[in-house]
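Dear colleague,

I am handing over the structure below, together with an account of what was found in it. Please read the notes that follow with the model open beside them.

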Amino acid sequence: MTILYTLVARGSVLLAEFSGSSTNASTIARQILEKIPGNNDMNVSYSQDRYIFHVKRTYGLTILCMADDVAERRIPFTFLEDIHQRFVRTYGRAVLTA
């Protein structure tokens, strides 16, 4: 299982992004961000070709990662929770208005 791409966003505003490979993940991730309904907290996954985009939204902060399709959900969502905690610890209350 490999996590190939991740981003942090507030609404449709991209706050941080990382890609470990050359893919169109960034384009697909932005399309997913635009289509996610409302502002409610959620954990969802979307399939695209042989990749799965996992999305965690907590308090309006959205963390998304792209993993290959052999990954279970547990590892990517644990990764997303870790990224969320680190982001909040680093930027504090600024994430609420970023």
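**Notes on the model**

Ser47 lies in strand 3 (residues 42–48), where helices (H or I, at least four residues) and strands (E, at least two) are DSSP runs numbered from the N terminus. This is a predicted model, in which local features need pLDDT of at least 70 and side-chain atom pairs count only at pLDDT 80 or more, whereas totals for chains, interfaces and linings use all residues. Residues are numbered from 1 along each chain as its sequence is written, and side-chain values use heavy atoms, with hydrogens and water left out.

With a relative accessibility of 58%, Ser47 counts as exposed (buried means under 20% relative accessible area, exposed over 50%, and partly exposed in between, with a 1.4 Å probe and protein chains only). Its C-alpha atom is separated by 12 Å from that of Val70, which is 23 residues apart from Ser47 along the chain.

In helix 1 the buried residues are Ala25, Ile28, Ala29, Ile32 and Leu33; they lie on the same side of the helix, because they cover an arc of only 145 degrees around the axis (taken from the directions from the helix axis to the C-beta atoms). The face turned away from this buried side carries the exposed residues Glu34 and Lys35, while the cover over the buried residues includes strand 1, strand 3, strand 4 and strand 5.

The structure holds one aromatic pair (rings of Phe, Tyr and Trp, the last by its six-membered ring, with centres within 6.5 Å; planes under 30 degrees apart count as stacked, over 60 as edge-to-face and the rest as tilted). The rings of Phe87 and Tyr91 have centres 4.8 Å apart and planes at 50 degrees, so this pair is tilted. Phe87 is buried, at 13% relative accessibility, whereas Tyr91 is partly exposed, at 48%.

Notes
Contact means heavy atoms within 4.5 Å.
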